[in-house]
Amino acid sequence: MAVLTLSNAQLAFGHVALLDHAGLALETGERVGLIGRNGTGKSSLLKILAGLEKPDDGQLQIQNGVEVAYVPQEPTFSDDATVFSTVSEGLADVKAARERFEAHADGDDLDALMTLIEARNGWNWEQRVDETLQRLHLDPNLPIAGLSGGTKKRVALARALVASPDVLLLDEPTNHLDLNAITWLEELLVAFQGSIILISHDRAFLDNVCTRIIELDRGQLRPFPGNFTAYETLKAQQLADEAVTNAKADKLLAQEEVWIRKGVEARRTRSVARIKRLEDLRSARQSRRDVVGRAKLEVSQGDRSGKIVAELEEVSKAFGGRTIVKGFTGTILRGDKVGLVGSNGAGKTTLLKMILGELAPDSGTVKQGANLAVAYFDQMRDNLDLNATLADFISPGSEWIEINGSRKHVMGYLQDFLFSPARANSPVRTLSGGERNRLLLARLFAKPSNVLVLDEPTNDLDIDTLDLLEDLLAEYPGTVFLVSHDRRFLDNVVTSTLVSEGDGAWREYEGGVEDWLIQSKRAQALAAGKPGAASIASAAKPAAQADTRTPVAPAKEQAAVPTAAPVVATPKRKLSYKEQRELDELPARIEALETEQAELARQLADPEVYVKEGVNVAAMTARVEAIDEELMHALERWEVLGAR
């Protein structure tokens, strides 16, 4: 049964219709992921569902007694408040009702107040706040002003959950959260007994949490059953079908346009119905909203750096008596794609600055390579001039940009990043969060570099841009340092991962986050002497089957409602840069092994070789057998990588 229904909704800003007669129904217990391009109106839609904004037209219906809680993308708090007082705001009406009842104010209907307090279980609201804070691991006495972005996100969630809502609306809940916090949030949302609509571009998060995906596409809300991986399959087929339908319509329109323009004799006998059909075709083509194109990302490459980018030997660094990096040793080579993973405050930025020579270690040595040209992407967007126009921000004082030896007009360059010429003279402050990130990337990529440092580049970026950015970084010939909590993005880009393991210890793992988790679990099992540790990876639980997690969140008790089993698809991980390079080299390696084996077989078939090369015959025979094993391994590896 639908707890919330939006029908025939219309919303427009300027000439662009964000909602064009759109409809949505949220069923009990559903966990819906709302996705779409930046600027399509996802946050506006969520505010409409929360009752904070009104559509231009349409109707929102919410069942009687259903409580809705909304957590914005950037929650705001009073700086002089504590965590306890802030979370208590989620029960402000209950708190006020109890205070009025206890004060026996004149004119108050005490019976009505008592009914409200009992219905909302308000006699012990302080206990409910304490229980929620314990479950979300929050200290009630901490001042809000000193909290990190990730902790503030927890406080905002606690403020929403303390009221035990029936519907939870979340706008980019994973922003500013580290990997551990994202995993914790997944468990909390899967255990939540109400209905959820969340906006997110974290594909792994959508896979692990959602039972349905809704895409806001050209003003329409298009539902897809299952998680994000299932959506990708269905969406690809839908786009292919739409392209065929549009092509047929365009062909028919072209034929009818030729017919209507024929000579006078043809016009005398033309059919009125056919003319009406032509007018309908013209109208349909004019009103059609085609699929928005993908951004065209290109990095301006600087001169080639030395083979060694940085070499660290027993490096340590501490601040205020706390060790951030302790005894780290490592070498970064040209072309490496390095991910940095750790909880907020673990020291990812500190380690990165020491690698790049921007911060001296307390002990140990750091040697930088030659000819390094570093381009830096800052997650805090400190380099944004909100009053500048888009064109001036990208290319101050010039209408041209030089990318890899060729000149490009700033208007065309902005179009590559999906900014229309009409917006080129608009101030930066008019952009959404995702559009500002895209603009920062446009400026970053215009700077010649051979080392890219990307600090949380995925925040607010839509999924299409993430896919394109992955491909761009994988093909980038220089070195990349990537700080991100987007697991799928890291897995698809990096060749190695530097992981904070606590107390200043950092360790390098080959591959991305998934590889690190498998290797670290295997190492822990081996250290504990557990049998079968080598096969621990195969026994790992698939992320998409996370619905059996232990409940950890408070939720209003509801009667069980039978629902259809969600469509869950297992995500296919893209090849990393290292794996793609391995796949490209395998055919040549296989051919070389086969050639060597054939030559050895030809020599061993000659009787004279046993006379002339008697001493080496055994070695040649052993080499033939070794080639058999190498060929078998190479062919199996080629089949595995090719299938992905």
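Tutor: Gladly; we will take the terms in turn and set each value against its definition.

This is a predicted model, in which local features need pLDDT of at least 70, side-chain atom pairs count only at pLDDT 80 or more, and totals for chains, interfaces and linings use all residues. Residues are numbered from 1 along each chain as its sequence is written, and side-chain values use heavy atoms, with hydrogens and water left out.

Student: What makes up the secondary structure of the protein?

Tutor: There are 21 helices and 20 strands. Both are DSSP runs numbered from the N terminus: helices are H or I with at least four residues, strands are E with at least two.

Student: How do you know which strands of the open sheet are edge strands?

Tutor: The open sheet has three strands in the order β2-β1-β4, with antiparallel pairing. Strands β2 (16–27) and β4 (57–62) are the edges, since each pairs on one side only. From one strand to the next, the twist averages 10 degrees.

Student: Why do β1 and β2 count as paired?

Tutor: Two strands pair if DSSP finds at least two bridges between them. Nine bridges join β1 (residues 2–13) to β2, so the pair meets that definition. Within it, Leu6 stands opposite Leu24 in β2.

Student: Which helix packs on that sheet?

Tutor: Helix α1 (residues 42–49) does, touching β1, β2 and β4. Its direction makes about 130 degrees with that of β1. Axes here are lines fitted to C-alpha atoms, for helices over the stretch in contact, and angles run from 0 to 180 degrees between N-to-C directions.

Student: Why are α6 and α7 called roughly parallel?

Tutor: Helix α6 (residues 149–161) and helix α7 (residues 179–191) pack at an angle of about 10 degrees, their axes 13 Å apart. Angles under 35 degrees count as roughly parallel, over 145 as roughly antiparallel, 65 to 115 as roughly perpendicular and the rest as oblique. The two helices are therefore roughly parallel to each other.

Student: What makes the contact between them?

Tutor: Contact means heavy atoms within 4.5 Å. Arg154, Leu157 and Leu161 of α6 meet Ala181, Trp184, Leu185 and Leu188 of α7.

Student: How do you know that Ala156 is buried?

Tutor: Its relative accessible area is 4%, so Ala156 falls under the cut-off for buried. This residue is found in α6. Leaving aside neighbours within four places in sequence, Ala156 is in contact with Val71, Pro75 and Phe77.

Student: Is Thr479 buried or exposed?

Tutor: Thr479, found in strand β18 (residues 479–483), is buried, with a relative accessible area of 0%. Beyond neighbours within four places in sequence, its contacts include Val309, Ile332 and Asn450.

Student: What polar atom distance is there between Gly335 and Thr479?

Tutor: The backbone nitrogen of Gly335 lies 3.2 Å from a polar atom of the side chain of Thr479.

Student: How many of the 644 residues in the protein are buried, as a percentage?

Tutor: Buried residues make up 45% of them.

Notes:
Buried < 20%, exposed > 50% of the residue type's maximum accessible area, 1.4 Å probe, protein only. Polar contact = N/O pair within 3.5 Å; in protein donor to acceptor, adjacent residues only side chain to side chain.
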